[in-house]
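Colleague: I have this one open and would like to go through it with you. Can you take my questions as they come?

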Amino acid sequence: MTLSLNVPQLETNRLILRVPGAADMPAMLAFLGEDRAEFYGGPMNEHDAWHKFSAYVGQWMLRGYGMYSAVLKDSGDTVGMAGPFHPSHFDEPEMSWLLTDAKFEGRGLAAEACQAVIAHLFSTLGWANVVSYIDKANHGSRKLAERLGAQLDTDRPSPVPNCDSYRHYPQGAVA
Amino acid sequence: MSMYCETLPIGVPGQTAASFAALVPVLHTKRLTLRAPRADDYAVYAEIACGPRGEGIGGPMTREEAWYDFASLASCWMLQGHGGWTITLTGEDRAIGFVLIGAEPGDEEPELGYLIAEGSEGHGYASEAAIAVRDYAFDTLQLPSLVSYVFATNTRSVALAERLGAIKSGTVIYPDDDQPSLVYRHPAPKGTPDV
């Protein structure tokens, strides 16, 4: 029997955001094997994809926060992940997001998931701000960061090559 | 303090991490306590995985790779229902090694893996921990079989597998490895090899 964490789910109009588990693995391994995963270290073989997804899950147990899986309420499909990714080589947690399949793009689902997670980080966890590292060529994610109100942060450059730091602040806070 | 240092989370995340740790069964042996892996054990894991001793587990690894590998010790509990333990000396809470029941894609059966920090070698801690976890795998988890994948060049691990009574049964090559692994099959309880 697998263990499960007692972490409150987040809910939006169309999505349930929950701690990732075995049910999300097929969608995530498929995503990491495709060209669409180029900004997430992909495309990679199944072995590496398993390790990457496994690290997303394990971070929850080690740090007590992590990327949520975003599941469509009406179909149960894992449409993506969103939340603070924090491997050991990052000095601070990084608000990250992805959609598992191109068919989920263009519907505002990533924005919906990110807004709920970021609000949770600020209100429940009390974080003062959170950064996103976005590749200069990842135009879709840059657009989304701007739509979420994040600001380019040149004072704390990204540890990831070819990425800019975008910093999110609570609404109304002065950067 | 090494560059790999990680500290325990505090506040709400600290409670979440602690609630996970409480779900992992604690195993006791004569000298050892095996408990859930925690963020503050990572420095010991990375020192093994990122150094020459990491060769036995597909390394030496980068700091990034070591984190992913370490996090998998924890995630297996949620993905597979068994996973990794941090090995500590009873009475001390400090990590001296790690032991794992895990299965990666391509593994046909669960694997028993073990790692001991350099400073804690030569005391039989790895075999003491591995025996406890092997017995837990068969007696409590009721796993039908258990193997260890060991590089032939990893003489220390080969010796330990044989000391545990595991029987060599073939080889396997993993996609990222440059050499085959020997498959050691652990005997089921009462000494009956599970073939």
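**Loops, strands and the interface**

Modeller: Pro43(A) sits in the loop between helix H1 (25-32) and helix H2 (46-63) of chain A. Keep in mind that this is a predicted model.

Colleague: What is the peptide bond from Gly42(A) to Pro43(A) like, cis or trans?

Modeller: The bond from Gly42(A) to Pro43(A) is cis, with omega near -5 degrees. Most peptide bonds are trans.

Colleague: And in chain B, which residues does a cis peptide bond join?

Modeller: Gly59(B) and Pro60(B), with omega about 0 degrees. Pro60(B) is in the loop between helix H2 (42-49) and H3 of chain B.

Colleague: Back to chain A. How many helices and strands does chain A come to?

Modeller: Chain A has four helices and eight strands. Starting at the N terminus, the order in chain A is β-β-α-α-β-β-β-α-β-α-β-β.

Colleague: How do strands S1 and S2 of chain A run, parallel or antiparallel?

Modeller: Antiparallel: S1 (residues 10-11) and S2 (residues 15-18) of chain A are joined by two bridges. Leu10(A) is opposite Leu17(A) in S2(A).

Colleague: How many bridges join S2(A) to strand S3 of chain A?

Modeller: Four, and S2(A) runs antiparallel to S3 (residues 68-72) of chain A. Leu15(A) has Leu72(A) in S3(A) as its bridge partner.

Colleague: Now S8(A). What pairs with that strand over six bridges?

Modeller: Strand S6 (residues 130-135) of chain A pairs with S8 (residues 163-168) over six bridges, in the antiparallel sense. There, Val131(A) is the bridge partner of Arg167(A). Strand S7 (residues 151-152) of chain A is also joined to S8(A), antiparallel, by two bridges. Leu152(A) stands opposite Tyr166(A) in that pairing.

Colleague: Where is Asn162(A) found?

Modeller: Asn162(A) is in the loop between S7 and S8 of chain A. Its phi is near 65 degrees, a positive value in a residue other than glycine. Most residues other than glycine have a negative phi.

Colleague: Is Asn162(A) buried or exposed?

Modeller: Exposed, because Asn162(A) has 12 other C-beta atoms within 10 Å, and a residue with 12 or fewer counts as exposed.

Colleague: What about phi for Gln142(B)?

Modeller: Gln142(B) has a positive phi too, of about 60 degrees, and is not a glycine. Gln142(B) lies in the loop between H4 and strand S6 (147-151) of chain B. With 7 C-beta neighbours inside 10 Å, Gln142(B) is exposed.

Colleague: Changing topic: how does the radius of gyration of chain A agree with that of a compact globule?

Modeller: A compact globule of 175 residues would have a radius near 16 Å, and chain A has 15 Å, so the two agree. The C-alpha trace of chain A spans about 45 × 35 × 30 Å along its principal axes. Of the 175 residues in chain A, 41% are buried.

Colleague: Last one. How many residues of chain B are in contact with chain A?

Modeller: 34 residues of chain B, in contact with 30 residues of chain A. Helix H1 (11-23) and helix H3 (63-79) of chain B are the elements that give two or more residues to that side of chain B. H3(B) gives the largest share, 11 residues.

Colleague: And by class, what does the side of chain B that touches chain A have?

Modeller: That side of chain B has 19 nonpolar, nine polar and six charged residues.

Terms used: Residues are numbered from 1 along each chain as its sequence is written. Chains are lettered from A and ligands numbered from 1 in the order in which they are written. This is a predicted model: local features need pLDDT of at least 70, side-chain atom pairs count only at pLDDT 80 or more; totals for chains, interfaces and linings use all residues. Two residues are in contact if their C-beta atoms, placed from the backbone, lie within 7 Å. Ala, Val, Leu, Ile, Met, Phe, Trp, Tyr, Cys and Pro count as nonpolar, Asp, Glu, Lys and Arg as charged, and the others, Gly among them, as polar. The radius of gyration is taken over C-alpha atoms; the globule rule is 2.2 Å times the number of residues to the power 0.38. A residue is buried if 20 or more other C-beta atoms lie within 10 Å of its own, exposed if 12 or fewer, and partly exposed in between; C-beta atoms are placed from the backbone. Two strands pair if DSSP finds at least two bridges between them.
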